[in-house]
Amino acid sequence: MAGENEYLRIDFGGAAFLLLRRASLAVEQRENLLVNEGGGAVSAWRAAGKDRWPAFCLDRNLRLVSGGGWQCAVFLQLDPYPVGLVADEVQLLPRSEVRVEPFTPPGIAPTRKGHLFSGASVGGGQVLFEFDPNVLAAFLYRLEAPQ
């Protein structure tokens, strides 16, 4: 299965990250989303029947920021509803172009589910961290709750 061997390169906030393609539930273009023009934590929603899935805008340090010129959103499965991350660009990379090694960031995990990253790829003078999809989804879901 092709999707098993591919990565998504997700660019946002001037940084790039990796996510296994099979971990994404959907990638939606901005024009297919309900953009939140009024501010707040959610940058956009994807209409899914009666439900709306929120998408959030992060900076390169993974802090919540107001949306800008993003182009699409990557959605991840989570109960009670999927959550998304808006991106300036999403590129499909064959696994043959990416070599990801297991990686555990130093220090205390920033979420109850663990660290946001499970791997890293070094190539072309650049380090790309691979998101753990379950931890990323839980992290994004938490952003919608009042702090």
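## Where to start

Where is the place of Ala 137? Ala 137 sits in helix 1, which covers residues 133–144. Helices here are DSSP runs of H or I with at least four residues, strands are runs of E with at least two, and both are numbered from the N terminus.

Before we go on, a word about the model. This is a predicted model, in which local features need pLDDT of at least 70 and side-chain atom pairs count only at pLDDT 80 or more, while totals for chains, interfaces and linings use all residues. Residues are numbered from 1 along each chain as its sequence is written, and side-chain values use heavy atoms, with hydrogens and water left out.

## The whole chain

Reading from the N terminus, the order of elements is β-β-β-β-β-β-β-β-β-β-β-β-α. The radius of gyration is 15 Å, close to the 15 Å that the globule rule gives for 147 residues, so the chain is as compact as a globular protein of that length. That radius is taken over C-alpha atoms, and the rule is 2.2 Å times the number of residues to the power 0.38. Along the principal axes, the C-alpha atoms fill a box of roughly 40 × 35 × 30 Å.

How much of the chain counts as buried? The share is 45% of the 147 residues. Buried means under 20% relative accessible area, exposed means over 50%, and partly exposed lies in between (1.4 Å probe, protein chains only). The accessible surface comes to about 8100 Å², and 49% of that surface belongs to carbon and sulfur atoms. These areas come from the Shrake-Rupley method with a 1.4 Å probe; for residues, only the protein chains shown count as cover. Among contacts in the chain with a separation of 6 or more, 53% are made by residues 24 or more positions apart. A contact means heavy atoms within 4.5 Å.

## Rings that meet

Now look for the aromatic side chains. The structure holds eight aromatic pairs. Rings of Phe, Tyr and Trp (its six-membered ring) pair if their centres lie within 6.5 Å; planes under 30 degrees apart count as stacked, over 60 as edge-to-face and the rest as tilted. Why is the pair of Phe 17 and Phe 117 stacked? Their ring centres are 5.9 Å apart and their planes meet at 5°, so the pair is stacked. Phe 17 lies in strand 2 (residues 15–20) and Phe 117 in strand 11 (residues 117–123), so this pair ties together parts that are 100 residues apart in sequence.

Phe 117 also forms a stacked pair with Phe 131, at 5.4 Å centre to centre and 25° between the planes. Phe 131 belongs to strand 12 (residues 126–131) and Phe 117 to strand 11, so here the parts tied together are 14 residues apart in sequence. Phe 117 is buried at 16% relative accessible area, and Phe 131 is buried at 1%. Phe 17 is buried too. Ring pairs link Phe 12, Phe 17, Phe 103, Phe 117, Phe 129 and Phe 131 into a cluster.

## Back to the helix

What does Ala 137 touch, apart from residues up to four places away in sequence? Its contacts are Leu 76, Gln 77, Leu 78 and Val 83. Ala 137 is buried, with 0% relative accessibility. Between the C-alpha atoms of Ala 137 and Asp 11, 126 residues apart in sequence, the distance is 17 Å.

## Around strand 7

Cys 72 is part of strand 7 and is buried at 4% relative accessibility. Beyond its neighbours within four places in sequence, Cys 72 is in contact with several residues, including Val 27, Arg 30, Leu 85 and Val 90.

The loops on either side of strand 7 are worth a look. In the loop between strand 6 (51–56) and strand 7 you will find Leu 62. Leu 62 has a positive phi of about 65° although it is not a glycine, and its relative accessible area of 13% makes it buried. Arg 63 lies in that loop between strand 6 and strand 7 as well, and it touches Cys 57 and Leu 58, not counting residues up to four places away in sequence. The loop between strand 7 (72–76) and strand 8 (83–87) holds Pro 80. A cis peptide bond, with omega of about 20°, joins Asp 79 and Pro 80.
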